[in-house]
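Morning, everyone. Let me put the model up, and then I'll walk through a few charged residues.

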Amino acid sequence: MLAVGLLALASFGSLFVGVSHLTPAGLLAGDENQLMILWESRLPRLLAILLAGSTLSVAGLVMMSLTRNRFVTPSTAGTAESASLGVLVATVFFGAEAVGVKMAVATLFALLGTGIFLALLRRLTFADIIVVPLVGIMFGGVISALTTFFAYRADLLQTLAAWTSGEFSGVLRGRYELLWITAAVALVGYLFADRFTLAGLGRDFAVNLGVHYDRVVTTGLVLVSVITAVVVVTVGHIPFLALVVPNLVTLLLGDNLRRVLPVTALAGAFFVLCCDVVGRTIRYPYEIPVETIAGVVGGALFIHLVLRARRKAA
């Protein structure tokens, strides 16, 4: 309850951070201009932040559990980069088609990219679990380079950047509602939490307990791919979010998904909200994209987690 209260308080305060003048007194007085700013911009932006942060963190937690590696998430398995490639392909072949088409193509590419990464891991043996995410980062880098090359050839570099750069300044009413799909998918993930936990213990253990291992893993990867694709299509890529938040929460509360999934969702929403508020205030009246703030903070936390894992292994 404390976490919910803290997030609610921070969310309320964030509504009044920005260039446009907005105050509680003005809203209570019924100022039409302030009410319009609230309903058309600030509230949609807040909802987009909360939905993207919470669901992407849940996706990272599910992926960590299924792969049995704390450093394998959509950010380190090529999932987000594959979704970006899907957005480019959809833009080239479908042009100004509905956002739903781009979401579907991005989801398909995210699923394919994740599947290729997992198939690659099955063919390789690593003595150090930290090598696995490094391979994933390199795999994602290759996909990102491929995406940039084709975007350059198609003269779509600026369009691609607009689709994939993680920031919320352009979120308005009517341009974020797709994110509610991720909330529904995250709820399905919660319903499957116990099965994901069992699958994370290994194929033999899960099968002995009556769990259809392949079906559960496939379900989890589809959920992760859908969430990642929808977030990328709607607000862009937010680096390290799906990696550091689930790791920090599980270090404190353990690995039982049903127990830690709600806390992970709250922590992810709070993390993105804090990054957004910092981005809006650090160079006021200009904004720094959430992608940049999350990259700096998340990168530092990632290094800390890696060093902690190495010390623990030693």
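**Salt bridges and a buried arginine**

Start with Arg258: at 28% relative accessibility, it is partly exposed. On terms, buried is under 20% relative accessible area, exposed is over 50%, and partly exposed is in between, with a 1.4 Å probe and protein chains only. A word on the source: this is a predicted model, where local features need pLDDT of at least 70, side-chain atom pairs count only at pLDDT 80 or more, and totals for chains, interfaces and linings use all residues. Residues are numbered from 1 along each chain as its sequence is written, and side-chain values use heavy atoms, with hydrogens and water left out.

What does Arg258 pair with in a salt bridge? Asp194, at 3.0 Å, N to O. Asp194 sits in helix H9 (residues 193–199) and Arg258 in helix H13, 64 residues apart, so the pair links distant parts of the chain. Helices here are DSSP runs of H or I, at least four residues, numbered from the N terminus. Asp194 is partly exposed too, at 38%.

The structure holds 5 salt bridges. By that I mean a side-chain nitrogen of Lys or Arg within 4 Å of a carboxyl oxygen of Asp or Glu. Side chains of opposite charge can pair when their charged atoms come close.

Next one. Glu40 bridges to Arg173, with the closest N and O atoms 2.7 Å apart. Glu40 is in helix H3 (residues 32–67), while Arg173 is in the loop between helix H7 (157–164) and helix H8 (180–191), 133 residues away. Arg173 is exposed at 52%. Glu40 is partly exposed at 29%.

Now Arg280. Is Arg280 buried or exposed? Buried, at 5% relative accessibility. Arg280 lies in helix H13 (residues 257–281). Its salt bridge to Asp276 is 2.6 Å, N to O. Salt bridges that share partners join Arg45, Asp276, Arg280 and Glu287 into one network.

The backbone oxygen of Ser14 is at 3.4 Å.

How values were computed
Helices (H or I, at least four residues) and strands (E, at least two) are DSSP runs, numbered from the N terminus. A polar contact is a pair of N or O atoms within 3.5 Å; within protein, one must be able to donate a hydrogen and the other to accept it, and residues adjacent in sequence count only if both atoms are side-chain atoms.
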